[in-house]
Amino acid sequence: MAITQSGAATAAALPFTPNGTIAATNVQAAIQEVRDESAVAAAGVLIDPLQSPYNAPTDGTSDATTAIAAAVTAAVAGDTIILSRYVFSVSALTWKSGVNLLLSSSLKKRSGTSTPVITIPYGSVDCTFYGGGAIDCNSIAGAYGLDVGSDTSTTSRITVDNIHFKNTAINGATTNIPGIKLTRCSQCAVVNCHWTSCAMGILCYDIEYTTFENNHFATISADDTINVWRTATSKALTGKGVKIVNNTMVTCKRNAIEIQIDTEATLDYTDCLIAGNTITMDTNTGNGYAISLPNCSDVIVSNNHLY
């Protein structure tokens with residue numbers, strides 16, 4: 001037990017038994033979880049798929065997809081789906097614009113199709129996913145953890161904060177199976193997240209004013225860690241304002257950071273910044289760069305630490 005100079009035990013050292021929607025196992029974390037849930041409740045309704053009428057199974061093997069999907073359908077903009085304490089086995093979930101996810105447990109992909117664990121449809125706005133929980137792709141070939149947007153219309157103000165992405169797998173000869181894919185996204189953020197045993201970290205097509213900050217990537221096994229891509233067909237947005245800062249990338253197999261355009265998509269990534277990142281390359285990689293900027297200009301690269 002941790003003791004302060006005054007002889008009192010710290011709150012983090014005091015055990016707490018999980019109860020109700022509070023999944024924490026120490027007093028400090030429980031207080032913070034109550035604070036977070038209270039803040040969410042003030043902004044909208046908390047919806048718990050464990051409760052009636054949804055009754056999501058909690059054994060980690062039974063299919064919880066229908067119950068969680070019903071809760072998402074019932075939610076309106078500003079509401080938050082809360083998933084705590086248990087492992088929820090799901091096939092694929094389609095999210096709803098304006099609805100948040102407070103995930104302090106785990107969503108685990110069921111065997112079957114290579115659909116993403118969660119899809120946020122194009123045109124969605126103002127969704128926040130947070131809470132310290134995990135999205136586990138269960139090494140199902142081709143399954144993304146989180147698939148945000150599409151080329152059809154712009155998706156805006158999606159924030160992913162402190163989510164753990166796990167176990168994306170290579171789909172045949174295709175290696176670019178990331179924890180998160182962003183397509184035609186503006187004013188989005190991926191911060192304080194973690195990747196473990198993923199084939200790729202983050203894949204982006206056609207983004208602007210989006211931040212990737214303070215994330216931790218451990219052994220991205222096959223493809224780039226963060227890839228920002230623009231082609232002749234994906235050019236609805238400006239490409240401006242992309243910030244990749246203060247991330248830690250450990251044992252990168254290919255490029256740690258790549259911002260690129262193809263030769264037909266004329267674009268300068270103005271107001272873009274790559275700074276403060278700590279990058280460790282895998283010594284066995286044959287075709288990887290710490291930072292790769294093919295066909296790009298106007299990207300500021302500053303104070304990165306390369307090993």
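User: Where does Pro 53 sit?
Analyst: In this predicted model, Pro 53 is in the loop between β1 (46–47) and α2.

User: And what kind of peptide bond joins Ser 52 and Pro 53, cis or trans?
Analyst: The bond between Ser 52 and Pro 53 is cis, with omega at about 10 degrees. Most peptide bonds are trans.

User: On to backbone angles. What is phi for Asn 192?
Analyst: Phi of Asn 192 is near 60 degrees, a positive value in a residue that is not glycine. Most residues other than glycine have a negative phi.

User: Where is Asn 192, and how accessible?
Analyst: Asn 192 belongs to the loop between β14 (189–191) and β15 (194–196). Its relative accessibility is 28%, so Asn 192 counts as partly exposed.

User: What about phi of Thr 251?
Analyst: Thr 251, also not a glycine, has a positive phi of about 55 degrees. Thr 251 lies in strand β21 (residues 248–252). With a relative accessible area of 25%, Thr 251 is partly exposed.

User: Different topic: Lys 109. Which strand is it in, and is it buried or exposed?
Analyst: Lys 109 is in strand β6 (residues 106–109), and it is buried.

User: Which side chain of opposite charge is nearest to Lys 109?
Analyst: Asp 63, at 9.6 Å. Lys 109 has no salt bridge.

User: Then what does the Lys 109 side chain reach?
Analyst: Two backbone oxygens: that of Ser 91 at 2.5 Å and that of Thr 115 at 2.8 Å.

User: What else is Lys 109 in contact with?
Analyst: Setting aside neighbours within four places in sequence, the contacts of Lys 109 include Val 90, Ala 92, Pro 116, Val 117, Asp 136, Cys 137, Asn 138, Ile 140 and Ala 143. Ser 91 and Thr 115 are on that list too.

User: Now the largest nonpolar core. How many residues, and which touch the most other members?
Analyst: The largest nonpolar core has 64 residues, and Ile 81, Trp 95, Leu 107, Ile 118, Trp 195 and Phe 212 touch the most other members. Helix α2 (residues 65–74) gives the largest share of this core, four residues.

User: Last one, Ile 259. Where is it, and buried or exposed?
Analyst: Ile 259 is in strand β22 (residues 257–261). Its relative accessible area is 1%, so Ile 259 is buried.

User: What is Ile 259 in contact with?
Analyst: Beyond neighbours within four places in sequence, Ile 259 is in contact with Val 228, Ile 244, Tyr 269, Ile 274, Ser 292, Leu 293, Pro 294, Cys 296 and Val 299.

User: How far apart are the C-alpha atoms of Ile 259 and Val 299?
Analyst: They are separated by 8.9 Å, with the two residues 40 apart along the chain.

Conventions:
Residues are numbered from 1 along each chain as its sequence is written. This is a predicted model: local features need pLDDT of at least 70, side-chain atom pairs count only at pLDDT 80 or more; totals for chains, interfaces and linings use all residues. Side-chain values use heavy atoms; hydrogens and water are left out. Helices (H or I, at least four residues) and strands (E, at least two) are DSSP runs, numbered from the N terminus. Buried means under 20% relative accessible area, exposed over 50%, partly exposed in between (1.4 Å probe, protein chains only). Contact means heavy atoms within 4.5 Å. A nonpolar core is a set of buried Ala, Val, Leu, Ile, Met, Phe, Trp, Tyr and Cys residues joined through side-chain atoms within 4.5 Å. Lys and Arg count as positive and Asp and Glu as negative; His and the chain ends are not counted. A salt bridge is a side-chain nitrogen of Lys or Arg within 4 Å of a carboxyl oxygen of Asp or Glu. A polar contact is a pair of N or O atoms within 3.5 Å; within protein, one must be able to donate a hydrogen and the other to accept it, and residues adjacent in sequence count only if both atoms are side-chain atoms.
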